[in-house]
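These entries record what I looked up in the structure shown below. I kept each entry to what could be read from the model.

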Amino acid sequence: LTMGYLLELGLNLGKPVIALHQMGYKPAFAAGIIDDKLQVIEYNEGNLNDLLIDAIDYASSQQDTRFNFFVSPKHITFLDWIAQNKKIPRSVYLRRLIEKEMANDEQYNSQQS
């Protein structure tokens, strides 16, 4: 339970997370956690070094960029309400709104192809 909590904590902070488990063992600590920033990697002593190099490279590409902006008090009140009542960090909520808009914007999507 502690490992699952720590994984979720890192992911909720927007951090890429690398979770390792030995070959042949089921990683129960990561069960049900789905996130692009989470890597659950099965390893053995012979391939650990190569797997870690690849995992760190991927995690580096997933690192967020800090972006600050000013919002009105009513916006902060709403974001605080979201965080408290829906248990979603403000930054995660805002990222989800942006991702939803990106997915629905045909002009943006046509330029990305």
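**Entry 1: Lys37.** I began with a side chain that meets a backbone atom: Lys37 reaches the backbone oxygen of Gly14 at 2.9 Å. The model is a predicted one, and I read the distance as a computed value. I then located Lys37 in the loop between strand 1 and strand 2, the latter being residues 38-43.

**Entry 2: confidence.** I next looked up pLDDT for the chain. The mean is 90, and 100% of the residues reach 70 or more. Which element has the lowest mean pLDDT, and which the highest? Helix 1 has the lowest, at 89, and helix 3 the highest, at 95.

**Entry 3: His21.** His21 belongs to strand 1, which covers residues 17-22. I noted His21 as buried because its relative accessibility is 10%.

Entry 4: Tyr5, at 54%, counts as exposed. I also checked Leu7 against Asp36, which is 29 residues away along the chain; their C-alpha atoms are separated by 13 Å.

**Entry 5: nonpolar surface patch.** Which residues form a nonpolar patch on the surface? I listed Met3, Tyr5, Leu6, Leu9 and Leu13. Together they have about 530 Å² of accessible area. For the spacing of helix positions I noted a general rule: an α-helix has 3.6 residues a turn, so residues three or four places apart point the same way.

**Entry 6: helix 3 and the residue after it.** I checked the length of helix 3. It runs over residues 73-85, which is 13 residues. From its first C-alpha to its last it reaches 18 Å, close to the 18 Å expected at 1.5 Å a residue. I then followed the chain past the helix, to Lys87. The phi of Lys87 is near 55°, a positive value in a residue other than glycine. Lys87 is found in the loop between helix 3 and helix 4, the latter being residues 90-104. Its relative accessible area is 67%, so I recorded Lys87 as exposed.

**Entry 7: salt bridge.** How many salt bridges does a search of the whole structure find? The search finds 1. The side chains that meet in a salt bridge are those of Asp80 and Arg90, at 3.0 Å from N to O. Because Asp80 lies in helix 3 and Arg90 in helix 4, the pair ties together parts that are 10 residues apart in sequence. I looked up the accessibility of each partner. Asp80 is partly exposed, with a relative accessible area of 36%. Arg90 also counts as partly exposed, at 39% relative accessibility.

**Entry 8: summary.** The salt bridge entry holds Asp80 and Arg90.

Key
Residues numbered from 1 in each chain as written. Predicted model: local features only at pLDDT ≥ 70, side-chain atom pairs only at ≥ 80, totals over all residues. Heavy atoms only, no water. Helix = DSSP H or I, 4+ residues; strand = E, 2+ residues; numbered from the N terminus. Expected span 1.5 Å × (residues − 1). Patch = residues over 30% accessible without salt bridge, like charges linked within 9 Å, V, L, I, M, F, W, Y side chains within 5 Å. Areas by Shrake-Rupley, 256 points an atom, 1.4 Å probe, with all protein chains shown as cover. Salt bridge = Lys/Arg side-chain N within 4 Å of Asp/Glu carboxyl O. Buried < 20%, exposed > 50% of the residue type's maximum accessible area, 1.4 Å probe, protein only. pLDDT = per-residue confidence, 0-100. Polar contact = N/O pair within 3.5 Å; in protein donor to acceptor, adjacent residues only side chain to side chain.
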